[in-house]
Amino acid sequence: MSKLHLPHIQIASAAFHIYAAEGPKGMTMRKIAAAVGVRASALYRHFRNKDAILDAVADAADVALAQKLQAPAKQNPKKRRMKPLIGRALDFAVEQPKLFRLATSHRPRWSDAATGAKNILTSEVRQAMEKGELAQGDAKGHARSLWAQICGLVSIRERGDLPDNRGELRGAWFQTAQAVVAGLAPPLRAATSRSAAAA
């Protein structure tokens, strides 16, 4: 048996990779212990129980999703933010379905102090509001609307109601998500100027 140098990190990391590959049923204490080279009983010195390990995995999944949602540092400032963000959410949901499900369902938090995927989404929404891509208003409320749409689309996809073909899936994903973004967009300037001219 090996000695763990950073037990909390090593155990959580091993559990994260097992969960990503096999989901909740595959993440057993024996598999985690085998991955770090200890007996299963040794895990309880560092984690209260399996639920505590699952909490650590959920936190790591949330961070992984947040990193995926984050706009690239070199993003063109003139480029619209919402469509690429929705695309990055789709990529994570397709590439890491088990982690996406865990990150979006395990103890959701919307507080100002929260870090992770919801915080990144709210930040992206604020920036889109500043650019005029979304209407001024409650950034957190707009973010919740987008979050609900993204999670709902994933649920529909998992039921088989969205196409499996990546191109068709992307088209259907953007079509439905864009409807929410359009609903959050500011009124068209042309229509506003026409009504002002008519008055």
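The structure is a predicted model, and its chain holds 9 helices and 0 strands. Read along the sequence, the pattern of elements is accordingly written as α-α-α-α-α-α-α-α-α.

**The chain as a whole**

- Of the 199 residues in the chain, 42% are buried.

**Helix α3 and helix α1**

- Helix α1 covers residues 7–26, and its axis lies 9 Å from that of α3, the two helices packing at an angle of about 80 degrees. Because angles from 65 to 115 degrees count as roughly perpendicular, α1 is described as roughly perpendicular to α3.
- On the α1 side the contact is formed by Ile 11, Ala 12, Ala 15, Phe 16, Tyr 19 and Pro 24, while α3 supplies Lys 50, Ile 53, Leu 54, Ala 56, Val 57, Ala 60, Ala 61 and Ala 64.
- Sorted by class, the residues of this contact between α1 and α3 comprise 13 nonpolar, no polar and 1 charged.

**Helix α3 and helix α6**

- The axes of α3 and of helix α6, which spans residues 117–131, come within 7 Å of each other and cross at roughly 20 degrees. Since an angle under 35 degrees counts as roughly parallel, α3 and α6 are roughly parallel to each other.
- In this pairing, Asp 62, Leu 65, Ala 66 and Leu 69 of α3 meet Ala 117, Ile 120 and Glu 124 of α6.
- The contact of α3 with α6 is made up of 5 nonpolar, no polar and 2 charged residues.

**Helix α7 and helix α8**

- Helix α7 (residues 139–159) and helix α8 (residues 166–184) have axes that come within 10 Å and cross at roughly 155 degrees. Because angles over 145 degrees count as roughly antiparallel, α7 and α8 are roughly antiparallel to each other, and their crossing is right-handed.
- From α7, the residues His 142, Ser 145, Leu 146, Gln 149, Ile 150, Leu 153, Val 154 and Arg 157 take part, and they meet Leu 169, Trp 173, Thr 176, Ala 177, Val 180, Val 181 and Leu 184 of α8.
- The residues of the contact of α7 with α8 fall into 10 nonpolar, 4 polar and 1 charged.

**Ala 64, a residue of helix α3**

- Ala 64 is found in helix α3, which runs over residues 50–69, and Ala 64 is also one of the α3 residues that take part in the contact with α1.
- When residues up to four places away in sequence are not counted, Ala 64 touches Phe 16 and Phe 92, and Phe 16 is itself among the α1 residues in the contact with α3.
- Ala 64 and Gln 96 are 32 residues apart in sequence, while their C-alpha atoms are 9.8 Å apart in space.

**Arg 88, a residue of helix α4**

- Arg 88 is placed in helix α4, which covers residues 82–95. Its relative accessibility is 12%, so Arg 88 counts as buried, the cut-off being under 20%.
- Leaving aside neighbours within four places in sequence, Arg 88 is in contact with Lys 68, Leu 69, Gln 70, Ala 71, Pro 72, Gln 75 and Glu 124.

Notes
Residues are numbered from 1 along each chain as its sequence is written. This is a predicted model: local features need pLDDT of at least 70, side-chain atom pairs count only at pLDDT 80 or more; totals for chains, interfaces and linings use all residues. Side-chain values use heavy atoms; hydrogens and water are left out. Helices (H or I, at least four residues) and strands (E, at least two) are DSSP runs, numbered from the N terminus. Buried means under 20% relative accessible area, exposed over 50%, partly exposed in between (1.4 Å probe, protein chains only). Axes are lines fitted to C-alpha atoms, for helices over the stretch in contact, and angles run from 0 to 180 degrees between N-to-C directions. A crossing is left-handed if the near helix is turned anticlockwise from the far one by less than a right angle, and right-handed if clockwise. Contact means heavy atoms within 4.5 Å. Ala, Val, Leu, Ile, Met, Phe, Trp, Tyr, Cys and Pro count as nonpolar, Asp, Glu, Lys and Arg as charged, and the others, Gly among them, as polar.
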